[in-house]
Amino acid sequence: MNISGNISKMKTSIENDEVVYELRLNNELVNISELVGKTITLEYQNQINCIACGKKTSKSFAQGFCYNCFQTAPQAEECVLKPETCRAHLGEARDIEFAEAHCLIPHYVYLAIASGVKVGITRHTQIPTRWIDQGASKAIIIAEVPNRHIAGVMEVHLKQYFADKTNWRAMLKNVVANDIDIASEKLKAIEHLPDELKQYVMADAKEWTLNYPVETYPLKPQSLTFDKEAKISGTLKGIKGQYLLLDNDRVLNIRKHNGYLVSVQAD
Ligand SMILES: [Zn+2]
């Protein structure tokens, strides 16, 4: 196999209780789960194309945008990273049609365990994708809310009691706090909610467990980047979150290289 294209976030699905990853290179999909245990070579072609407009950009902003799109594209608006700042429910957004499809729709507030327990939010269509992207081992939905703004407000409130970031090194080393009972953490979270937010709680929510295609986890993950190393080659030891785990504890964050033009070779 030898194909090339611009990278975007790996596509995921679940088959037989295990996450299946597909590498996206423009319109091509490569089942990269099948390459675990094999030698793989990725070579950066020294070109980045903006994931919004497609134009060449010398530098990637916010994981794949050219500077102009970073400033103006609806998918790079502030509320992507800070949902509580979303103003779509007041009719204000860079692009109101985009906001209607992405902000003014049901969102979930959840707890996930990647290393420790953390709170997060996501659009209702992104379950379990969002958790897989974060490398979570377990997850549970706390509440379903009608829009992104309310999800953000609830998350900000719960950040007083729960972490909101994933420790990516611990996640990749698979240091998972197995003693955390996510269902009882959910009950604690509900108790902390003010009355006006309690109405959105999902009483009955499935407890998710996610298994990743990994042969060996790194002991001391060393992050690779195409900015420093054009050719990255080795045995693929596994995939977790949006990371490829290579031999010698090397890890490559695929999402960080959105828009990078690369060629991929495997036996
Ligand atoms: Zn652009």
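A charge is taken to sit over a ring if NZ of Lys or CZ of Arg is within 6 Å of the ring centre and within 35 degrees of the ring normal. The charged end of K206 meets this criterion over the ring of W208, 3.9 Å from its centre. The charged end of K59 likewise sits over the ring of F61, at 4.7 Å from its centre.

The model is predicted: local features need pLDDT of at least 70, side-chain atom pairs count only at pLDDT 80 or more, and totals for chains, interfaces and linings use all residues. Residues are numbered from 1 along each chain as its sequence is written, and side-chain values use heavy atoms, with hydrogens and water left out.

**Aromatic pairs**

Rings of Phe, Tyr and Trp (its six-membered ring) pair if their centres lie within 6.5 Å; planes under 30 degrees apart count as stacked, over 60 as edge-to-face and the rest as tilted. The count by this rule is 9 aromatic pairs. Two of the tilted pairs are tabulated here.

| Pair | Centre to centre | Angle between planes |
|---|---|---|
| Y44 and Y260 | 5.0 Å | 40° |
| Y67 and F70 | 6.3 Å | 50° |

Helices (H or I, at least four residues) and strands (E, at least two) are DSSP runs, numbered from the N terminus. Y44 in strand β4 (residues 39-48) and Y260 in strand β13 (residues 260-266) are 216 residues apart, and their pair links distant parts of the chain. Together with F226, Y44 and Y260 form one aromatic cluster.

Buried means under 20% relative accessible area, exposed over 50%, and partly exposed in between (1.4 Å probe, protein chains only). Y44 counts as buried because its relative accessibility is 13%, and Y260 counts as buried at 5%. Y67 and F70 lie 3 residues apart in helix α1 (residues 67-72), so about one helical turn separates them. Y67 is partly exposed at 47% relative accessibility, and F70 is partly exposed at 29%.

Two strands pair if DSSP finds at least two bridges between them. Strand β5 (residues 107-113) is joined to β6 by 7 bridges, and Y110 stands opposite G120 in β6.
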